[in-house]
Amino acid sequence: MSISNFFFGENIPLLQLEKFSQEYTLNVENTFLMGKENLPISLKTSSELLVHQQKESDFIYNTITLQEITGDTEDHSMKPFLLQSLALADISRNLYIKRNANGKILSVENTDELWKSWEEWKEDKLASVFPEEKDQIKLVTNYEKGLKSFEGELKKNLQYILLLPEVYSLIFPPNEYYSFLSSLLSIRSRLMLGVEYNYQLKLVKLEEENNTLSAEFHSVLNNREELIKSNIKKLYENEKEFSIDQFEFSVKTKYNFEKSSGRIMNAELHFIEKMHEHLAYMIDMDLKIKSVEE
C-alpha cells in the first residue's frame, strides 16, 4: 500500500466519464455599475445549447452547438450593441473541443471551420449588420485578430469554464486533508485596461446523494499582491470616499453532476470585479437541462 493510500484511501474517481448528448439552456446576465449618479446597466442573453461528450483514449471531446440565442436590455444605448452581438453569435454555431482526462481544455479542433464560417458571413451578411464602412473595417480587424488567438481566449471565457469544468480528477474519499485546485486560469479585467487576473478554482464543498454529486468552487487570486502594487493601489490614491479594502475579485461555481456519466444536471457561475460599491462588473450564469416545454 502506498503512503498516499494509507493516509487518503484509494483514489476512486467520483465521476465516471460516459458518452452523452444533452440540450441545455444557459442564461447570462452582465451588470455594470458605473458611478453613483448612473443606473446599473444590465444585459441578458439566453442560449439554447446542445453539448455532446465522449471519451477516446486519455482525452475528452466535446461538441458544443449553439441552437438559438436571444437577448434583452432595458438600456437603450446598449440595444444596438446587443443586436450586433447576437448577430455575431450566428457566425460560428459549432465548437469542437479537446480536453485532457481531468477536464482541462487543451485545444479547439475545428479552427478551419471557424475561419470558413467567418469568410462566408463576411461575404453575405457583414454589410447588412454593420452598414457603416468604418464599423466594418473595425469588426473585420478585431474579429480576425480574435480568431487567430481564439483557443487562448476560449480558455479565459467564463461560459466555457462553466460548461467544461475541470473536475474529473475529484476522488473519493475526500477528508480534512484533501485539497483540490484547478489548473491556472486567467481573465482580463472589465474595469482596468491591460490588467489580467490569474486565478485557480478551489473546491470548497462536496456532497454525494445517490447518483448526484454536488460541488462548489471559489476562486483563489494568485497575483493579488502584484496587481495591488502595480495597478490597483494607484486607483485609490486620490479617492477620499473609497479604500483599497473595497476591492473584490471573485469567481464562484456550483454544480450538480450525474455521477454515472459526468453529465452536468445544473450549474451556476457568479463573477464579481469591484473597485467600490459604485464601480463594479458582475456576471451571473445559470445552466440547466432544457425542459420539454421549451
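This is a predicted model: local features need pLDDT of at least 70, side-chain atom pairs count only at pLDDT 80 or more; totals for chains, interfaces and linings use all residues.
Student: What makes β9 and β10 count as paired strands?

Tutor: Two strands pair if at least two bridges are found between them, and ten bridges join β9 (residues 196–209) to β10 (residues 212–221), which run antiparallel; therefore they count as paired. Within this pairing, L206 stands opposite A215 in β10, and the two strands form a hairpin with two residues between them, where N210 in the turn has a positive phi of about 55°.

Student: How do you know that β10 also pairs with β11?

Tutor: The cut-off is again at least two bridges, and β10 and β11 (residues 248–258) are joined in the antiparallel sense over seven bridges, so they pair as well. Here S214 stands opposite N256 in β11.

Student: Why are β6 and β8 called edge strands?

Tutor: Eleven strands form an open sheet with antiparallel pairing, in an order that begins with β6 and ends with β8. The strands β6 (105–108) and β8 (185–188) each pair on one side only, and they are the edge strands of the sheet.

Student: What makes L227 in α8 a buried residue?

Tutor: Buried means under 20% relative accessible area, and L227 is among the residues of α8 that are buried, together with I228, I232 and Y236. What covers these buried residues includes β9 and β12 (263–276), and α8 lies across β9, β10 and β12, running at about 45° to β12.

Key: Residues are numbered from 1 along each chain as its sequence is written. Side-chain values use heavy atoms; hydrogens and water are left out. Helices (H or I, at least four residues) and strands (E, at least two) are DSSP runs, numbered from the N terminus. Buried means under 20% relative accessible area, exposed over 50%, partly exposed in between (1.4 Å probe, protein chains only). Contact means heavy atoms within 4.5 Å. Axes are lines fitted to C-alpha atoms, for helices over the stretch in contact, and angles run from 0 to 180 degrees between N-to-C directions.
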